[in-house]
Amino acid sequence: MTSLPRPPAWTAPLPPAEPPADMTVHHLPTGTYETRAALAFRGGSFRDKRSFAASAVLVRHPRGDLLIDAGFGAAVAEHIAMLPRFVRAPYQAGRTAAEQLDAIGYDRGRLLGVVPTHAHWDHVSGLDGLGGTPLWMNRLEREYAAADPDGKVYRQVSRGYEIHEYAFADRPYLGFPSTYDVHGDGSVVIALAGGHTTGSVIVFVTLPTGPRYAFVGDLAWQIDGIRRPAERPWLMSRLADSDPAQLRRDLLRVIALDGLLRIVPAHDLGSYEGIPLLVPGPAAQTCPGRHA
Ligand SMILES: [Zn+2]
């Protein structure tokens, strides 16, 4: 079987949000690595090579900014060398998130923290250049990252970081029972989706201009996992996911939202289209961008 049963679409009203007028979201691409579609989702072809994005997303809010994931860092080659041989892949590194922030003269004091969607290497490598910023982790992901072999790079790059442990409330949001409303205005809501790793999260972002995003981390590796819909190939799921049954439940919840908000799997480059890059000058402060 290559596809998942399509769940009924979400029909209830979307949760209320009052994002401030000057809130913006930006894509900070830091590089890509190569994977065959056949390994990324069931039904994918071996001939179809996919470039997996490694990116950070900056969410600017007057009460403080957040970086979702950190992408590749300056020492990405060293981080890849720490991985088991069979998961190493050809990669291309661009400018790190830290370099992109510095290039626009960004004041890092504005950052409340870095929120990794989960602690795997390709989401935290860039922490090597973001020292001094608090690292936002929930208890489940802290425990996962401290003990799991796949937390090796995390354990190295997070050394010296001040960990800000945030806690979920039993406040359902778009079908997810455990959530954390960062600013209390519904504009940035972190939801526990602990299938890929035990403390994996989805970050829901609602912009004042209307668009809503779901940054779903590695819930699906490519948008095909949402659109077809299809799970990861069985072997890859066994290798990559802490709890495949939980992952399936969360994947179905997100599939039900497709079309109501923009779903951005962390590694799907095309899904970031329309999210403006960080550019120097005053535009970086307000950057209206193109929000499709
Ligand atoms: Zn990943």
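1. Histidine 123 and aspartate 218 are both buried, where buried means under 20% relative accessible area, exposed over 50% and partly exposed in between, for a 1.4 Å probe and protein chains only. The model is predicted: local features need pLDDT of at least 70, side-chain atom pairs count only at pLDDT 80 or more, and totals for chains, interfaces and linings use all residues. Residues are numbered from 1 along each chain as its sequence is written, and side-chain values use heavy atoms, with hydrogens and water left out.

2. The zinc ion has as protein donors Asp122 (OD), His123 (NE2), Asp218 (OD) and His267 (NE2), at 2.1 to 2.4 Å. Donors are N, O and S atoms within 2.8 Å of the metal (3.2 Å for Na, K and Ca); water is not among the atoms, so sites may look incomplete. The donor residues follow the spacing D-H-x94-D-x48-H in sequence. Histidine 123, in helix 4 (residues 121–124), and aspartate 218, in the loop between strand 11 (212–217) and helix 7 (224–227), are 95 residues apart and link distant parts of the chain. Helices (H or I, at least four residues) and strands (E, at least two) are DSSP runs, numbered from the N terminus.

3. The four donor atoms subtend angles of 78 to 160° around the zinc ion, so the arrangement is irregular. Four donors count as tetrahedral if all angles lie between 85 and 135 degrees; four count as square planar and six as octahedral if opposite donors are over 155 degrees apart and all others between 65 and 115; anything else is irregular.

4. Across the whole structure, a search finds 13 aromatic pairs. The planes of phenylalanine 72 and tryptophan 121 meet at 15° with ring centres 5.8 Å apart, so this pair is stacked. Rings of Phe, Tyr and Trp (its six-membered ring) pair if their centres lie within 6.5 Å; planes under 30 degrees apart count as stacked, over 60 as edge-to-face and the rest as tilted. Phenylalanine 72 is buried at 1% relative accessibility, and tryptophan 121 is buried at 12%.

5. Arginine 253 lies over the face of phenylalanine 176, 5.3 Å from the ring centre. The criterion is NZ of Lys or CZ of Arg within 6 Å of the ring centre and within 35 degrees of the ring normal.
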